[in-house]
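Please open the model in your viewer and display it as a cartoon.

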Amino acid sequence: MNKVILVGRLTRDPEVKNTTTGKAVATFTLAVDRRFKNKDGQKEADFVPIVVWGKQAEFAGQYLSKGSQIGVSGRLQVRSYDAQDGQRRYVTEVVADEINFLSSSRKDSNAGFQQTSAPRVDNNNNMSVMGLDEDFHLMADDDDIPF
């Protein structure tokens, strides 16, 4: 079984491109906080490359921006390629099957989380709104959550 579930914030706006066959692909990096602080009391994060295909890629480009908090489920993929210098390079990334929009970017939201009305798109290109009012707020501060 190969299943990955992550919650984090985008480190940059998604980069959306189209393949030669016209299929959209978006790439971005997700900063995922580690559960515990390090020995110096500082939070650490892992920076995970995410790849999204099709309608999800289009919606990611339209609705996501640097700082947006999302949930991603998908699979871990390791691929390799030969670089221009002749060396074999390996890339580990998450290929997203489903993206859930959890909040707008930090610069756009007030304290705590803000539920957006952006759609959720699964790997079958089924789109649905999250099912919560646009005014829905969770009473939590980002610094109080361990991830």
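Helices (H or I, at least four residues) and strands (E, at least two residues) are DSSP runs, numbered from the N terminus. The model is predicted, so that local features need pLDDT of at least 70 and side-chain atom pairs count only at pLDDT 80 or more, while totals for chains, interfaces and linings use all residues. Residues are numbered from 1 along each chain as its sequence is written, and side-chain values use heavy atoms, with hydrogens and water left out.

**The whole chain**

Along the sequence, their order is β-β-β-β-α-β-β-β-β-β-β. Of the 147 residues, 37% are buried; this term means under 20% relative accessible area, whereas exposed means over 50% and partly exposed lies in between (1.4 Å probe, protein chains only). A contact means heavy atoms within 4.5 Å. Among contacts between residues at least 6 apart in sequence, 58% join residues at least 24 apart.

**Helix α1**

Next, select residues 54–63, which form helix α1. Glycine 54 is found in this helix. Is glycine 54 buried or exposed? Its relative accessible area is 12%, and glycine 54 is therefore buried. Leaving aside residues up to four places away in sequence, glycine 54 touches Lys23 and Ala24.

**The aromatic rings**

Now show the side chains of phenylalanine 59 and tyrosine 63, which both lie in helix α1, four residues apart, about one turn of the helix. A pair of aromatic rings is described by the distance of the centres and the angle of the planes. Rings of Phe, Tyr and Trp (its six-membered ring) pair if their centres lie within 6.5 Å; planes under 30 degrees apart count as stacked, over 60 as edge-to-face and the rest as tilted. By this rule there are two aromatic pairs. The rings of phenylalanine 59 and tyrosine 63 are stacked, because their centres are 5.9 Å apart and their planes are at 15°. Phenylalanine 59 is buried at 15% relative accessible area, whereas tyrosine 63 is partly exposed at 38%.

Then select phenylalanine 101, whose ring forms an edge-to-face pair with tyrosine 63, at 6.0 Å centre to centre and 75° between the planes. Phenylalanine 101 lies in strand β6 (residues 88–103) and tyrosine 63 in helix α1, so this pair ties together parts that are 38 residues apart in sequence. Phenylalanine 101 is buried, at 5% relative accessibility. Finally, display Phe59, Tyr63 and Phe101 together: ring pairs link them into a cluster.
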